[in-house]
Amino acid sequence: MDPIEQFEEWKEQASHLWRVAMDHLRHVPPTQLYAAAAIVVFTTVLLLSRFLKRAKANTIVLTGLSGSGKSVLFYQLRDGSTHQGTVTSMEPNEGTFVLHGETTKKGKIKPVHIVDVPGHSRLRPKLDEYLPQAAGVVFVVDALDFLPNCRTASEYLYDLLTKGSVVKKKVPLLILCNKTDKVTAHTKEFIRRQMEKEIDKLRTSRSAISEADVTNEFTLGVPGEPFTFTQCSNKVTTAEASGVTGEISQLEEFIREHVKP
């Protein structure tokens, strides 16, 4: 049988099957048709949700002021490297890898995409490139030299918490107090309270600015009440770390809470 005759035969068989199916459907009660349609829709939604769940963002963004120790933390997460002193970044450090602390674990472990965004004010716009894919944001604070930088760090955090890409997706944020191995370092509780006070002052001053100023996409807090991080639409938590000594267990816990192994 030549290809044309074979095609015609297949065409005739398909046409016959279509007529049989349509004839069968005419005798099926409407309730059964509705039930079948509902099953198809439910199955489609289920498969789509599973696909989206698998495609969930696995990016963790490290940010904060210059000198807070972000790059040191990045290298600790990647390969356990210890860097003495300050590592200043002018370009983002970026990589997808299994966390160094998990390399000895058995079984399949999901790699994490980590991005260390430079803290210099001129380079912060790069942050907007990564936030839409972020499963979580780590805002690194220098716990040793906190008070002189409290205002500047709070302004940066305020801008971050009012970005549409963070608010709309309720991206979880960790305030990571780094360098807590030093005796004179401030505690995470103290740093949290001080930043809440500074942000409370900031939202008051910025709300007095003309509505034409649209620097911030959203506002923070509850009108008439002192600001606390619990008022944010996204979850904001605090933790401690020391990049130099390699004590980053709380950071790793945050990462694995939002990027499952």
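Modeller: What follows starts with the sheet, moves to the helices on it and ends with the loops and charged pairs.

This is a predicted model, in which local features need pLDDT of at least 70, side-chain atom pairs count only at pLDDT 80 or more, and totals for chains, interfaces and linings use all residues. Residues are numbered from 1 along each chain as its sequence is written, and side-chain values use heavy atoms, with hydrogens and water left out.

Helices (H or I, at least four residues) and strands (E, at least two) are DSSP runs, numbered from the N terminus. Two strands pair if DSSP finds at least two bridges between them. The open sheet has 6 strands in the order E2-E3-E1-E4-E5-E6, with mixed pairing. At its edges are strand E2 (93-97) and strand E6 (236-240), each pairing on one side only. On average, neighbouring strands are turned by 20° against each other, direction ignored; axes are lines fitted to C-alpha atoms, for helices over the stretch in contact, and angles run from 0 to 180 degrees between N-to-C directions. E2 and strand E3 (residues 112-116) run antiparallel and are joined by 5 bridges. Gly-95, for instance, has Ile-114 in E3 as its bridge partner.

Contact means heavy atoms within 4.5 Å. Helix H8 (residues 249-258) lies across E1, E3, E4, E5 and E6, at about 165° to E4. Its buried residues (under 20% relative accessible area; exposed is over 50%, partly exposed in between, with a 1.4 Å probe and protein chains only) are Leu-251, Phe-254, Ile-255, Arg-256 and His-258. Among the elements covering them are H3 and E6.

Lys-170, between helix H6 (164-167) and E5, has phi near 50° and is exposed at 53% relative accessible area. Lys-179, between E5 and helix H7 (188-207), has phi of about 70°. Most residues other than glycine have a negative phi.

A salt bridge is a side-chain nitrogen of Lys or Arg within 4 Å of a carboxyl oxygen of Asp or Glu. Lys-179 forms one with Asp-142 (3.0 Å, N to O). This pair links distant parts of the chain, since Asp-142 is in strand E4 and Lys-179 in the loop between E5 and H7, 37 residues apart. Asp-142 is buried, with a relative accessible area of 14%, whereas Lys-179 is partly exposed at 21%.
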